Amino acid sequence: MSKLKIAFQGEPGANSDIAAREVYPDCEPLPCATFEDALAAIQNGEAELGMIPIENSIAGRVADIHHLLPHANLHIVGEHFLPIHFNLMAPKGATLKTIKSVESHIHALGQCRRFIRQHGYKAVIAADTAGAARHISETNDLTRSALAPKLAAAIYGLDVLAESVEDEAHNTTRFVILSREGTYAPRGNGPMVTTFVFRVRNLPAALYKAMGGFATNGVNMTKLESYMIEGNFFATMFYADVEGHPEDPPLARALEELEFFTQPGSLEILGVYPGNAKYRSQNKTRKRLKRPAR
């Protein structure tokens, strides 16, 4: 029996590769050069699913994904939260003192600023973390290093000189799992998440009115982001996550009210899928424990 193929953006050893292996231990990860390539691999059947990062707890949303998803004709069927750890790796024989420069994705460099500054290394931007590790392994230069997941060191034969050098311990990336199949997950199997996009009508306070239905029906909206479309400063799409299933009466009423204030045909549900109960409950607990600022 052939293994389940999971498309991801990046090279072997990237965080997306790790996420795919965590959720589907027996899968065959399929590396793709770009997000467009990863989505195309799912669309044309080369891969059954895709593991795509959508936001990071430090860096915010992942560029391009919000623009690509509504037009990909794919559906979100799950989510996964991956704690992110960056490790300094270099060719065998290198030490922290021989290193002069460190290469990685711009977000990785930004999330390890203190470590880089502490050692006086020169930061060099690369296309992605695992790609930087592969490049460093090919140079065999003891003055050059990469910041990448530990899996990349094993794949490319590098030594890990320092582990978990990220500035913030809570660094986490949320991934969505994409499929060609658009079936909603059934109700009654734990917490559900509904993800959708919409564009409001050009009316005063349209967004405020559109959101009112979620408040009055007691629907928890966990994410709301806007982004421009069609190169127009005044054409704005919104991307949202809410807790619940469209067949739940409260959410059904809220979506019906939302549709009244949206541009015709612009409201599109991208997925109805199980929420990560463990991570979401832990996150709510952390928020409740925080004391208000004085």
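Are Phe115 and Tyr121 buried or exposed?

A: In this predicted model, both Phe115 and Tyr121 are buried. They belong to a set of six aromatic pairs held in the structure. The centres of the Phe115 and Tyr121 rings lie 6.2 Å apart with the planes at 65°, and because an angle over 60 degrees counts as edge-to-face, that is how the pair is classed. A contrasting geometry is found for Phe198 and Phe238, an aromatic pair that is stacked, with 5.3 Å from centre to centre and 15° between the planes. This pair links distant parts of the chain, since Phe198 sits in strand β12 (residues 192-198) and Phe238 in strand β14 (residues 232-243), 40 residues apart. Phe198 and Phe238 are both buried, and together with Phe196 and Phe214 they form one aromatic cluster.

The next level is the nonpolar interior. In soluble globular proteins, nonpolar side chains tend to be buried together. Here the largest nonpolar core has 27 residues, and those with the most contacts inside it are Ala7, Ile52, Ile65, Leu69, Ile76, Leu178 and Tyr239. At least two residues of this core come from each of β2 (28-32), α2 (35-43), β3 (49-56), β11 (172-179), β12, β13 (221-229), β14 and β15 (268-274), and the largest share, five residues, is supplied by α2. Ile76 illustrates how such a residue is surrounded: beyond its neighbours within four places in sequence, it is in contact with Leu69, Val176, Ile177, Leu178, Thr195, Tyr239, Leu270, Gly271, Val272 and Tyr273. A second, separate core of 26 residues includes Ala19, Cys27, Leu88 and Val102.

Ala19 directs attention to helix α1 (residues 15-23), where Asn15, Ser16, Asp17, Ile18, Ala19 and Ala20 are buried. The elements that cover these buried residues include β1 (5-9), β2, β3, β5 (75-83), α7 (150-156) and β11.

Val102 of the second core is also in contact with Val124, which, leaving aside neighbours within four places in sequence, touches Ser101, Glu103, Ser104 and Leu109 as well. Val124 lies in strand β8 (residues 122-125) and is partly exposed, with a relative accessible area of 27%. Its C-alpha is 49 Å from that of Glu247, a residue 123 places away in sequence.

Glu103, in turn, lies in strand β7 (residues 101-104). Its relative accessible area is 6%, and because a value under 20% counts as buried, Glu103 is buried. Its side chain is joined to that of His135 by a polar contact of 3.3 Å. Again setting aside neighbours within four places in sequence, the contacts of Glu103 are Leu109, Val124, Ala132, His135, Ile136, Arg144, Ser145, Ala146 and Leu147.

Terms used
Residues are numbered from 1 along each chain as its sequence is written. This is a predicted model: local features need pLDDT of at least 70, side-chain atom pairs count only at pLDDT 80 or more; totals for chains, interfaces and linings use all residues. Side-chain values use heavy atoms; hydrogens and water are left out. Rings of Phe, Tyr and Trp (its six-membered ring) pair if their centres lie within 6.5 Å; planes under 30 degrees apart count as stacked, over 60 as edge-to-face and the rest as tilted. Buried means under 20% relative accessible area, exposed over 50%, partly exposed in between (1.4 Å probe, protein chains only). Helices (H or I, at least four residues) and strands (E, at least two) are DSSP runs, numbered from the N terminus. A polar contact is a pair of N or O atoms within 3.5 Å; within protein, one must be able to donate a hydrogen and the other to accept it, and residues adjacent in sequence count only if both atoms are side-chain atoms. Contact means heavy atoms within 4.5 Å. A nonpolar core is a set of buried Ala, Val, Leu, Ile, Met, Phe, Trp, Tyr and Cys residues joined through side-chain atoms within 4.5 Å.
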